[in-house]
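Me: I would like to learn how to read a protein model feature by feature. Could you take me through the one shown here, giving the general idea before each case?

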Amino acid sequence: LKDVLNLQHVGDVRNAGLMAGIELVRDKNTKEPYDWSEKIGWQVAYLAREKGVFIRPLGNVIVIMPPLSISEQNLKQLLKVIRESIIAVTEG
């Protein structure tokens with residue numbers, strides 16, 4: 001998740017165990033949020049779904065809750081797709 005935290009439009013990453021939340025913001029320095037009407041979290045989730053990864057947005061926060069039995073390879077793929085989707089939506 002450290003790679004995701006360094007993205008230009010990620011304001012914060014919080015986690016407890018394997019559950020995590022990735023906050024998407026318009027401006028990383030001021031933490032200015034995206035307007036709800038832009039549905040940035042949903043856009044990221046839809047793009048990730050097209051790549052085979054199902055994630056849940058709560059507004060502009062991406063929620064990650066992988067199964068405890070997830071393999072390291074699948075976890076890396078999950079995070080790769082989420083990172084690529086965030087970049088594509090917020091910087092594309």
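This is a predicted model: local features need pLDDT of at least 70, side-chain atom pairs count only at pLDDT 80 or more; totals for chains, interfaces and linings use all residues.

Reply: Residues are numbered from 1 along each chain as its sequence is written, and side-chain values use heavy atoms, with hydrogens and water left out.

Me: How many bridges join E1 to E2?

Reply: Helices (H or I, at least four residues) and strands (E, at least two) are DSSP runs numbered from the N terminus, and two strands pair if DSSP finds at least two bridges between them. E1 and E2 run antiparallel and are joined by 6 bridges, with Arg14 opposite Gly21; their hairpin has 2 residues between the strands, and Gly17 in the turn has a positive phi of about 65°. E2 also runs antiparallel to E5, over 4 bridges, where Ala20 stands opposite Ile64. With strand E3 (residues 32-33), E2 pairs in the antiparallel sense over 2 bridges, and the bridge partner of Val25 there is Pro33.

Me: Which residues of helix H2 are buried?

Reply: In H2 (residues 40-50), the buried residues are Ile40, Gly41, Val44, Ala45, Leu47 and Ala48. Seen down the helix axis, they fall within an arc of 165°, so they line one face of H2; the arc is that of the directions from the axis to the C-beta atoms. These residues pack against strands E2 (19-27), E4 (56-58) and E5 (61-64) and against helix H3 (72-91). From H3, Ser85, which is buried at 0% relative accessibility, is in contact with Val44, Leu47, Ala48 and Lys51, leaving aside neighbours within four places in sequence.

Me: How many aromatic pairs does a search of the whole structure find?

Reply: Rings of Phe, Tyr and Trp (its six-membered ring) pair if their centres lie within 6.5 Å; planes under 30 degrees apart count as stacked, over 60 as edge-to-face and the rest as tilted. The search finds 1 aromatic pair. The rings of Trp42 and Tyr46 have centres 5.7 Å apart and planes at 40°, so the pair is tilted. Trp42 is partly exposed at 35% relative accessibility, as is Tyr46 at 43%.

Me: Where does Lys31 lie, and what should I know about phi?

Reply: Most residues other than glycine have a negative phi. Lys31, in the loop between E2 and E3, has a positive phi of about 65° although it is not a glycine. Phi of Lys39 is also positive, near 50°, and Lys39 is found in the loop between E3 and H2.

How values were computed:
Buried means under 20% relative accessible area, exposed over 50%, partly exposed in between (1.4 Å probe, protein chains only). Contact means heavy atoms within 4.5 Å.
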